[in-house]
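Reader: Could you take me through the chains and interfaces of this model, one question at a time?

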Amino acid sequence: MIKSSLKQLAAALAAKSVSSVELTQWYLERISRLNPELNAFITVDPYRSLAQARAADERIARGEAGPLTGIPLAQKDIFCTKGWRTTCGSKMLSNFVSPYDATVIERLDAAGAVNIGKTNMDEFAMGSSNETSHFGPVKNPWDASRVPGGSSGGSAAAVAARLAAAATGTDTGGSIRQPAALCGITGLKPTYGVVSRYGMIAFASSLDQGGPMAHSAEDCALLLNHMAGFDARDSTSLEHPAEEYTRELAVESGDAPLAGVRIGLPREFFGDDEQSGCDPGVMQVVQAAIAEYRALGADVVEVSLPNSKLSVPAYYVIAPAEASSNLSRFDGVRYGYRASDYADLNDLYCKTRAEGFGAEVKRRILIGTYVLSHGYYDAYYLQAQRIRRLIARDFAEAFRQCDVILGPTSPCTAFRLGEKAADPVQMYLSDIYTIAVNLAGLPALSHPCGFAGGLPVGLQLIGDYFSEARLLNWAHRYQLNTDWHTRAPEL
Amino acid sequence: MNSWEIIIGIETHVQLATVSKIFSGAPTMFGAEPNTQACAVDLALPGVLPVLNKKAVECAIRFGLAIGADVARRSVFARKNYFYPDLPKGYQISQFELPVVSGGQLAIAVGQGDQAYEKTVRLTRAHLEEDAGKSLHEDFHGKSGIDLNRAGTPLLEIVSEPDMRSSDEAVAYAKALHALVRWIGICDGNMQEGSFRCDANVSMRRPGQPLGTRREIKNLNSFRFLKEAIDYEVRWQINELEEGRPIVQATVLFDPGSGVTRTMRTKEDAHDYRYFPDPDLLPLVIGEDWIAQVQAALPELPGAKKARFMSEYGLSAYDAATLTAGLEMADFYEAVVAVAGKAQAKPCANWVMVDLAARLNKEDREIGASPVNPAQLGSLVARIADQTLSNNIAKKVFEALWNGEGTSVDDIIEVQGLKQITDSGAIEALIDAVLAANVAMVSEFKAGKEKAFNALVGQVMKAAKGKANPQQVNELLRQKLQ
């Protein structure tokens, strides 16, 4: 069971060789054994999970099951889930029980999936190591002295440790792909607007995008089928026709399944003028993966993303600016944490927010407030928006010459807990390969492609708008011919 | 010494008459129990997102077209960030750099009688935004209550140029705007309920000099308060300036009780709202076809209607302006003419503007709540025209209609026996009787006292219980006395 794909689990459920209740109990047991160490979950509610599992079993018995019916999935604690505590990793929402479901939760519920628990995350998704969570850091299942990455670190660790069959994540600057890479799983950030943001607690609205995290590209595709789609409740949701993201996976394709696929390698990531300080061990594994892609028939061309070095600074203006405004609603007036003693209204605001938010969140609110302030807006915010357009143009230019851009997902493997926590800039640079993708709104995935120093390395595939099905297919072809994605940590 | 020139610009918050809120599906009805008309979006729960109400946009387009403004093909919603308990998100969604409506103008009629004049006020812009909730500071045992029913109600903020030069002009502008937004059906105009609220920017200058520093009087929700507040503010500012104290830019509140304005905050402690485009909403794109559709559905506007009343009904500019001050009044008038006939357009105008208006005013009613309907008033005018009724008797019939003594003019005339006597034989008989009974008066008249003639007319009318045709009485009496 531990190595089963979602398809295999669905088949086992359909064949009644296992029930959803049994499967759910199996994962719950594993969570109760391993979570105290890993801390991947903030909230586990066996009563609710098993109720869903029973409903799923009835649905299977009625012959009305879909591909996800009865399968236990972990939900990042950023998705509002009716009746569940939804904390976003923050003390501010540590007592918040959502009265409504996010669209993503609603859709997965409708598909009959079982919510196995709410996963840990960096507070309000602000972090790359899961160390900013109010509920304590998540440990990397491959090495408990190391971070799982972030912000979707709990989801990545839960999938890697087989505490859930798959999970949801969100990605604002790499929050699905970087933890997927550091935990050795596959994760996809779709094109901005493909997955509804309704009920997904906002960090940076113009960058946030939900997506699947699973063992394989195939599992991600299956999950995305039930997450994506236009939602009238999200004005930035794209009115794009519904897609079957699994449609190309089963196509027979012979020895050279990737023949004709043009892989672009940005000289800024690989050339002599490589700027990002990638760990040589990581680079070596990535090069080997590229060789495998070539062996499957793909061609390689050099491309250029000249403004990619500006992506981190531009991101750290735009994301905090939006966050500073998005997080204003957490004021202690209507829900969430409220300071116990306050002299007046202003004191209520100050104490509630001083006590309710952690250091990284406060840092970003301060940065965001500053860059939007009168007299600084043009110099920072508008300038960053200009850079954003340049970055999108770079990608558009590159995609004239190639179909997919390959490179490392993260410049390093999982780092030690506390290693970068004191140095925000070092932490921000962990996302150097992923951030430009969010600024441009493009889809990208990370899949495992080997190990460096015994720790998983992720390969990032960046595609053009709406190329999710193709990205997933290419990664799937790689995974049909390699077994990195099947490796599991010993626990 | 030069006199001071008063400079006034007005910002108006107009609540749009949509069924649901501007960014959520919650209802906008006024007066519900606190917090019963606020959904997850209005409460700003974590994760919720705004979705723009197209009806609100349509209202903005309608307004833009009605004032001859530029309706932006692309406008942008921005966040105005500040903390307040009745502002659930910690920001208000508004429009800042790119509003939906720019420019335009409004014709206003100022003063009455000989002092009356017309003027055009230019508009700067109008933008869409959401209203905040309400903070309730009373009856909560020392705490404040928050009612979020109003949060998210669509507003059109309409900003004028500083074109007004007196409180009378300011009131005339506010009245014209109030009439227009009701005329085009985008606002119920209910000022007590806060559907139409004005902020007045007031400054002083010496004629020909650059604009002075302004102070903004917030939240004036009646025309009377608008006038009183500006009059007070003008006196206060002139006094300050003449005492040599410069005006400091400030936001002030008007207290109707004491009639004075007091400073709420000065520029130094003004908020930095940190406006930026709302990333949850795409730019608002308005296509030509949408504009054309709204244009086609627009009612005839006050200016056009006034011109048509003058040409079609031969009314004076003053009458036409009065009758087109509001759509209900204009529609009422035309319905009256439709029954009475175009030849009676002028008497119809008098009845609507004078008799009906006075009666409505006396009972503080709107024309929509008039107990006398246009068809009744039309047949009343027709009965005067065909000499069934004298003007005086017609007033009695009007009063009877008003009091519900009957539903049809003819029935009332019949039942109350109010038909005018036009039979000259009958009138002559009445006159003969009066002359016989008032020999002294007849002698006075013959001795040259014209007054005696009027007294005799009065006697005849009295004998006729007011029903004799006055003109015939006059003529026949004069014949008899010759």
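Predicted model: local features only at pLDDT ≥ 70, side-chain atom pairs only at ≥ 80, totals over all residues.

Author: Residues are numbered from 1 along each chain as its sequence is written, chains are lettered from A and ligands numbered from 1 in the order in which they are written, and side-chain values use heavy atoms, with hydrogens and water left out.

Reader: What radius of gyration does chain A have, and what does the globule rule give for its 491 residues?

Author: Chain A holds 16 helices and eleven strands, where helices (H or I, at least four residues) and strands (E, at least two) are DSSP runs numbered from the N terminus. The radius of gyration is taken over C-alpha atoms, and the globule rule is 2.2 Å times the number of residues to the power 0.38. Chain A is as compact as a globular protein of its length, because the rule gives 23 Å and the radius of gyration of chain A is close to that, at 21 Å.

Reader: How much area is buried between chain A and chain B?

Author: Contact means heavy atoms within 4.5 Å, and 38 residues of chain A are in contact with 29 residues of chain B. Buried area is the accessible area (1.4 Å probe) that two parts lose on being put together, summed over both. Carbon and sulfur atoms give 59% of the area between chain A and chain B, which is about 2700 Å².

Reader: Which residues form the salt bridge between the chains?

Author: A salt bridge is a side-chain nitrogen of Lys or Arg within 4 Å of a carboxyl oxygen of Asp or Glu, and the count between chain A and chain B is one. With 3.0 Å from N to O, the partners are A:Arg197 and B:Asp280.

Reader: Which residue forms a salt bridge with B:Arg182?

Author: Two salt bridges are found across the interface of domain 1 and domain 2 of chain B. In the one formed by B:Arg182, the closest N and O atoms are 3.4 Å apart, and the partner is B:Glu328.
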